[in-house]
Amino acid sequence: MPGQNEGADAHHPVVRHEESPHHRHPGAPVPAPAAAVHPSGTACGTLDGPEQRFCPTCSSPLSGPGPAEADPTGDDRFRTAFCNAGIGMALIGPDDRIIEVNPALAALIGRGVANLVGTHLHEIIDPEGLPNRLFSELVHGGRERFRVEKQLKHRAGHAVWSKVTVSLIRDGAGEPLYTLALVEDITEQRRLGDRLEYQALHDPLTRLPNRTFFFERLDAACLTVEGPSPTQPDGRRVGVCYLDLDGFAAINETLGHHIGDQLLIAVATRLRHGLTDSHPHPGSHLVARMGGDEFAVLVPDSAGSEQLTGLAARILEALERPFDVAGHRLVITASVGVVERSVHETTPTDLVKDADATLYWSKADGRARWTLYDPDRGAHQLTRQRLATALRPALERGEFTIEYQPLVGLADGTVHGAEALVRWRHPRYGTLSPDRFIPLAEESGAIVPLGKWVLEESCRQARQWLSEFPDTETFVSVNLAARQIWDSDVVADVARALETTGLPARLLQLEITESALLGPGGRPSQALQALADMGVRIAIDDFGTGYSNLAYLSRLPVHVLKLDGTFIKGFRDPAPAPLTDPPLTDPPRHGARRSDADEQIVGAMVQLAHTLGLTVTAEGIESAAQAERLRLTGCDTAQGWYFARPGEAERVAAILREARPAPTAG
């Protein structure tokens, strides 16, 4: 059986146990010292003695007896492995000085083996961040080894990334003797990892930080919460400028995407240098490309909204100068949304969401400007979004209802028909008028099923009026959205509603705006012609506010012009006559000029309509004087609060009953 000393040698080959008496078995003979031999078999220089460990000429480690006296013991085999290993190895004493080191580690840091022996560990490895806790656990038996990644100091001055595995060598009593460090060069792996990390966090086109990097920095800014200070009484603040290039899609379409890409690079360069370099702390701002032609600037330590709006102004100023791209001189503007608040009041998600919403406010307000986030406007936008989302489910739940406003003949004062006006009885916001949700329905496409429902319900109600008042033939007027013509077969929808309810086509009037009627393409006019051929009346709503293309009136199947209420506002009550005649030098009253002009415009439109065989309806009548003056212009019918407010269908029926002639005595 091998003795204790032999077993220790096999387990710890790099320790010269023959030089440590406490490693030998008690009573074992002390072996004679072996002559140190050069690895080549012949020393390059003169050896001073058998205990010399390194060649004085080439600094190669000496590993025991030469080939003529080779003793293939375990100690020799492991020492040979230590010297020829491809991985760096070092034996370190309790005082953190190197006892032995192999050529692989010496070559890794550009130094000689002999030069490293006796060197303090901190001369080749950065002491900062050394894992003292792990080392303590190693010494006290809490772990067998630990592994860390550290930078070694190369002789040439650069750093070498390495993976260091540290193990503790103990004596027979379990006390620590040496530390064995295995060092593996991972510099190339780190460089590859750095490149992959850079690619993952940066935009490949502009080289700016990307969306992922932006959110990492934003998360860090919002998580680092500091208390109030004299300059920031609400604690730490954060701000974002979110910008989008105006008209960038047109450049891609006209000049090509390669020109668009070069423009994005130029914009990124101007933002990076124009904003960060001019700031007193250039590292505090982060300019990132969020995708497409959208960019963001993060200010993690904002000084207030004035700083952010000033930054937004500098962004617009930096981009307003023309760009020279591939022989093209391009002028481009940007819209910027600005959000700035305390980190206690927000989250990264809410901050970016509000910045994005504010960006689109800038575009809606005219572009080429910045807009600061407004909580009230944000609440309004949130309400719009909620309403748009709830439109279709609300229709299925039966939350919509229809009110009717009478259309009165100005010549005889009788009710000729009624306009159907949809209302939304929202469980949270109460009764909503059409202007609150019809635009949302048109944007989302919900106007198609909603319009079908209004059409069917209105036709059903008109059929009930006809049954009760067959002599009046009261018609119903239903608004028709442009999207109903484009996204559905409106002719089939109308035919189905008339057939289902039994309403004669002559008692249905469809109102469509000028912008929808006179838009591009021939589909609206074809659909309207088919509806007119069925006997349905066609009315142009809000006439005078759209294209006002008179040439179309003679070619389209139109029966009625509905004048917009803005013309009627000028129809004021006649001013009382003055007690004395005014001086001849006094100019005419502005209100009188406007009233006369509006009256002449309405009169001209009424005459034109009558010449073309059309009738005219005026909206927004609020007084008897307006009604009378409209009657004098020749206007046929009118509607407004003077006659009746929109209400339940029964209110129209009540008016019809009152107007019914009393039965004569038999």
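This is a predicted model: local features need pLDDT of at least 70, side-chain atom pairs count only at pLDDT 80 or more; totals for chains, interfaces and linings use all residues.
Five strands make an open sheet, in the order β2-β1-β5-β4-β3. The pairing is antiparallel. β2 and β3, residues 145-153, are the edge strands, each pairing on one side only. On average, neighbouring strands are turned by 30° against each other, direction ignored.

Look at the β1 and β2 pair. Three bridges join these two antiparallel strands. Ala 90 has Val 101 of β2 as its bridge partner. A helix covers part of this sheet too: α6, residues 187-201, packs on it and touches β3, β4 and β5. The direction of α6 makes about 130° with that of β4.

Now the loop between β1 and β2. Asp 96 sits there. Its phi is positive, near 65°, and this is not a glycine. Most residues other than glycine have a negative phi. So is Asp 96 buried, exposed or partly exposed? Its relative accessible area is 31%, so Asp 96 is partly exposed. The cut-offs are 20% and 50%, and values in between count as partly exposed.

Move on from α6. The loop between α6 and α7 holds His 202. His 202 has 15% relative accessibility, so this residue counts as buried. What does His 202 touch, beyond residues up to four places away in sequence? The list is Arg 207, Leu 208, Pro 209, Asn 210 and Phe 213.

Next, a helix pair. α7 covers residues 211-223, and α11 covers residues 348-364. They pack at an angle of about 120°, with axes 9 Å apart. Angles from 65 to 115 degrees would count as roughly perpendicular, and over 145 as roughly antiparallel. α7 and α11 are therefore oblique to each other. On the α7 side we have Phe 214, Phe 215, Leu 218, Asp 219 and Cys 222. They meet Pro 348, Leu 351 and Val 352 in α11. By class, that contact has 7 nonpolar residues, no polar ones and 1 charged.

On α7, a word on spacing. An α-helix has 3.6 residues a turn, so residues three or four places apart point the same way. Keep that in mind for Phe 214, Leu 218 and Cys 222, which are among the α7 residues in this contact.

Now the cores. In soluble globular proteins, nonpolar side chains tend to be buried together. Here the largest nonpolar core has 56 residues. Which members touch the most others? They are Tyr 404, Trp 424, Phe 437, Val 494, Leu 508, Leu 510 and Val 536. Helix α14, residues 447-468, supplies the largest share of this core, 9 residues. Another core lies apart from this one, with 30 residues, including Ala 268, Leu 311, Ile 332 and Val 336.

Take Val 494 as a case. Outside the four places either way in sequence, Val 494 touches Leu 455, Leu 508, Leu 510, Leu 531, Met 534 and Val 536.

Now into α14 itself. Ser 458 is found in this helix. Ser 458 has a relative accessible area of 0%, so this serine is buried. What is Ser 458 in contact with, leaving aside neighbours within four places? Ile 402, Tyr 404, Ala 420, Val 476 and Val 478.

That brings us to strand β16, residues 475-479. Of its 5 residues, 4 are buried, so β16 is largely enclosed by the rest of the structure.

Glu 473 lies in the loop between α14 and β16. Its phi is near 50°, positive, again in a residue other than glycine. With 32% relative accessibility, Glu 473 counts as partly exposed.

Last stop, helix α22, residues 624-633. Which of its residues are buried? Ala 625, Gln 626, Ala 627, Arg 629, Leu 630 and Thr 633.

Methods: Residues are numbered from 1 along each chain as its sequence is written. Side-chain values use heavy atoms; hydrogens and water are left out. A nonpolar core is a set of buried Ala, Val, Leu, Ile, Met, Phe, Trp, Tyr and Cys residues joined through side-chain atoms within 4.5 Å. Buried means under 20% relative accessible area, exposed over 50%, partly exposed in between (1.4 Å probe, protein chains only). Contact means heavy atoms within 4.5 Å. Axes are lines fitted to C-alpha atoms, for helices over the stretch in contact, and angles run from 0 to 180 degrees between N-to-C directions. Angles under 35 degrees count as roughly parallel, over 145 as roughly antiparallel, 65 to 115 as roughly perpendicular and the rest as oblique. Ala, Val, Leu, Ile, Met, Phe, Trp, Tyr, Cys and Pro count as nonpolar, Asp, Glu, Lys and Arg as charged, and the others, Gly among them, as polar. Two strands pair if DSSP finds at least two bridges between them.
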